[in-house]
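Visitor: I am new to this structure. Could you walk me through it?

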Amino acid sequence: MNVLIVNAGSSSLKYQLFNTETKTVLAKGGCERIGEKGGNISHKVPEKTPYEKNQELQNHEDAIKLVIETLTDKEVGCIASMDEIGAVGHRVVHGGPYFTGSVLATEDVLAKVELCKELAPLHIGPSLVGIHACMDVMKNVPQVLVFDTAFHSTMPEEAYTFAIPREYSEKYHIRRYGFHGSSHRYVSREMIQILGKPAEETKIVTCHLGNGSSIAAVKGGKVIDTTMGFTPLDGLMMGTRSGAIDPAIVSFLMEKENLSADQINNILNKKSGILGVYGASSDFRDCRMAMEEKKDPRATLAIRMLAYQVKKYIGAYTAAMGGLDAVVFTAGIGENNNIIRAMPCEGLEFLGIEIDHAVNDGIKRPIQTTKISTENSKVQVYLIPTNEELIIAEDTESVVSALK
Ligand code: ADP
């Protein structure tokens, strides 16, 4: 089945056409500046020259129409007509307390997604606009919603509850939800296969380290804890996000600097993390270059902080799971940077972790699944390139197949 994977933002719409039989991407691209001046689409079919076009896009409906027009174009497209799209899979950031798996977008489901808006207004609002636009333009094509939070819904109460007055947690559904679910699900599934023992017996720490980063403890194939919380701000320091900090810093800074809730949110989400500590960039590559070539002390600190935090969570989750079979590194930073795989593992030999530095330092492109621990290492450490699209496409196909 060809599944069109859609990820709608407030003024953008990213897409991938994915074939579930061959597990390949037939085309991918995105529309930008929707509802603004200078709308455009960029589109790429493997083996063909990338294509770009400027076209005013008044709304998400215009955007999805342009996507379909481009996908079915004789020159730059890859399918003959919309009939070749079996289903649409929408990536939705937050499923709140309502969704523990992927679902068909029915009226009832969309009403519940509407309730999640309060939990992630910047993401859910645009997602809903994108979903409605696709439903309008592709009337006979089933639309499936895949939630970033769903894979974490197996966490026990003691892991997902925050110690604030119960009246607030209940009134506002405040709890740990966790994010990057499709990525943690994909890499843990791959790792379980590699371990070659029954899923129920496996204990894996999955480290998704990108612009946004999170770690999950996956015991018996199910998440028992994860670093992101009520929002994707919790846990590890990230490109521009602070990660977990003493919550009293929030009110302290608000008072001292006379900041509004929006302003402090902006500081913690957009100006902190690597950018906050290093100062010159939020990109790990720049930070690493500044550390290695200029011996920049702030860049060095930022990288040491991130590595330390990853190490701390590996230890914490090993304790939470009562053991450890494997650690997996994935996403932009985890896949492309040997130091962020090696540094957190230094000193963890007592846990049975031993990195093969020659292998870890010698990884070449294209990045492939690679074992980076030694043969003697009791715990297997792997780099596994993530594939969230595969999870979204597979889920979409299975929801649609169940309808028949
Ligand atoms: P997002 O969370 O936005 O999906 P990514 O997973 O793409 O982010 O991760 C972005 C981070 O990965 C950046 O900090 C960047 O430095 C790092 N990264 C991405 N590609 C490379 C690369 N080829 N070499 C080194 N670092 C990379």
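Visitor: Which element gives the most to the shell around the ligand?
Guide: Helix α12 gives the most, with four residues. Helices here are DSSP runs of H or I, at least four residues long, numbered from the N terminus. This is a predicted model, where local features need pLDDT of at least 70, side-chain atom pairs count only at pLDDT 80 or more, and totals for chains, interfaces and linings use all residues. Residues are numbered from 1 along each chain as its sequence is written, and side-chain values use heavy atoms, with hydrogens and water left out.

Visitor: Which residues are around the ligand?
Guide: Among them are G210, N211, D283, R285, A331, N336 and R365; a residue is near a molecule if one of its heavy atoms lies within 4 Å of it.

Visitor: What lies 3.2 Å from an oxygen atom of the ligand?
Guide: A backbone N or O atom of G212 does. A polar backbone atom of F284 is 2.9 Å from a ligand oxygen, and for a backbone N or O atom of I333 the distance is 3.3 Å. A polar contact is a pair of N or O atoms within 3.5 Å.

Visitor: Changing topic, how do the axes of α6 and α15 cross?
Guide: The axes of α6 (residues 181–195) and α15 (residues 388–403) come within 8 Å and cross at roughly 95°. Therefore α6 is roughly perpendicular to α15, a label for angles of 65 to 115 degrees. Axes are lines fitted to C-alpha atoms over the stretch in contact, with angles from 0 to 180 degrees between N-to-C directions.

Visitor: And which residues of α6 meet α15?
Guide: S182, S183, R185, Y186 and R189 do; contact means heavy atoms within 4.5 Å.

Notes: A polar contact is a pair of N or O atoms within 3.5 Å; within protein, one must be able to donate a hydrogen and the other to accept it, and residues adjacent in sequence count only if both atoms are side-chain atoms. Helices (H or I, at least four residues) and strands (E, at least two) are DSSP runs, numbered from the N terminus. Angles under 35 degrees count as roughly parallel, over 145 as roughly antiparallel, 65 to 115 as roughly perpendicular and the rest as oblique.
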